[in-house]
Each structure stands twice: as C-alpha cells, then as structure tokens.
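Okay, thanks for coming, everyone. Have a look at this one with me, and we'll walk through it from the inside out.

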Amino acid sequence: QGIYVLQCGDPQGTGMGGPGYTLPDENLKDASLKKNTYPAGTVAMANTGQKHTGGSQFFLVYKDSPLPPQYTPFGTISASGMKVLNKIAAAGSQPADPTSGNTAPNATVVINKATVAKS
C-alpha cells in the first residue's frame, strides 16, 4: 500500500534474507529522487532502513512511489521491461504473510537477463 514496487533478491524468499554482507549507500542525491519519490522505472537497492545495509535485495518501481531517498538507485527499466512489470503488477498478489507482511505476486516472476549499459 502506498508504494508500487516488486521487491526481489531475497535468497530465502521470505523478504528478510540477505547475502551475509552489506553495501554502502550511493546516489541518494540523484536528481531522479526529487520530492521524495522514486519514479516508475527505477531499480534500487532495498535495505533494513538503516544506513549502508543494502545487500542482495532490490526493488523495481512500476508506478511513482513516495519513499525517502535512502535506497540506492542503480538502474532503470526499459520500455519493454516496464510492459512486463506492469503485467506482473496487474495480476495482483497473494495474501500477506502474517509474520512479515510481505506478499508474493500472483504471476510467476523469473529474471532471465539484465543488461548493463553506461548512460
């Protein structure tokens, strides 16, 4: 509720797991994060809410989402990728896990390929 993201990268599949190491925060003053909003198409690192706690989890923003600039943005999603992400979002999610409050998408999601290009 309130944010529109698909969070990925938890090796345990619980929304609470990580790789056993952390990454420093970067790009938090990026112009794309103006007005405490992560725009649709942003790829950013998830964290525990504390500084420098990013790990393996990341999120894909499918609709502009009001979030404080504390999650490292590190990529953008292509137009064709946004079509796929919006289809996943439109399919809805499973009921929330009573322990974590996390939800899994109804659609099966597998990331087969990511392309890195310097812009």
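So, let's start in the middle: the largest nonpolar core has 9 residues, namely Leu6, Cys8, Val43, Met45, Phe58, Leu60, Met82, Leu85 and Ile88. By nonpolar core I mean a set of buried Ala, Val, Leu, Ile, Met, Phe, Trp, Tyr and Cys residues joined through side-chain atoms within 4.5 Å. Buried is under 20% relative accessible area, exposed is over 50%, and partly exposed is in between, with a 1.4 Å probe and protein chains only. Strands E1, E3 and E4 and helix H1 (79-90) each put in at least two residues, and H1 gives the most, with 3. Helices (H or I, at least four residues) and strands (E, at least two) are DSSP runs, numbered from the N terminus.

Quick housekeeping: this is a predicted model, where local features need pLDDT of at least 70 and side-chain atom pairs count only at pLDDT 80 or more, while totals for chains, interfaces and linings use all residues. Residues are numbered from 1 along each chain as its sequence is written, and side-chain values use heavy atoms, with hydrogens and water left out.

Apart from that core there's another, of 8 residues, including Leu33, Phe59, Val61 and Leu67.

Now, which residues sit on either side of strand E4? Phe58 and Leu60 are on one face, Phe59 and Val61 on the other, and all of them are buried. E4 (residues 58-61) pairs antiparallel with E1 (residues 5-8) over 4 bridges, and cysteine 8 stands opposite phenylalanine 58. E3 (residues 42-45) is also antiparallel to E4, through 3 bridges, with alanine 44 opposite phenylalanine 59. Pairing here takes at least two DSSP bridges between the strands.

On to the rings: how many aromatic pairs does the whole structure hold? The search finds 4. Rings of Phe, Tyr and Trp (its six-membered ring) pair if their centres lie within 6.5 Å; planes under 30 degrees apart are stacked, over 60 edge-to-face, and the rest tilted.

Tyrosine 4 and tyrosine 62 have centres 6.0 Å apart and planes at 75 degrees, so they're edge-to-face. Tyrosine 4 is partly exposed, at 27%, and tyrosine 62 is too, at 24%. The charged end of lysine 63 sits over the ring of tyrosine 4, 4.7 Å from its centre; that label needs NZ of Lys or CZ of Arg within 6 Å of the ring centre and within 35 degrees of the ring normal.

Finally, ring pairs link Tyr38, Phe59 and Tyr71 into a cluster.
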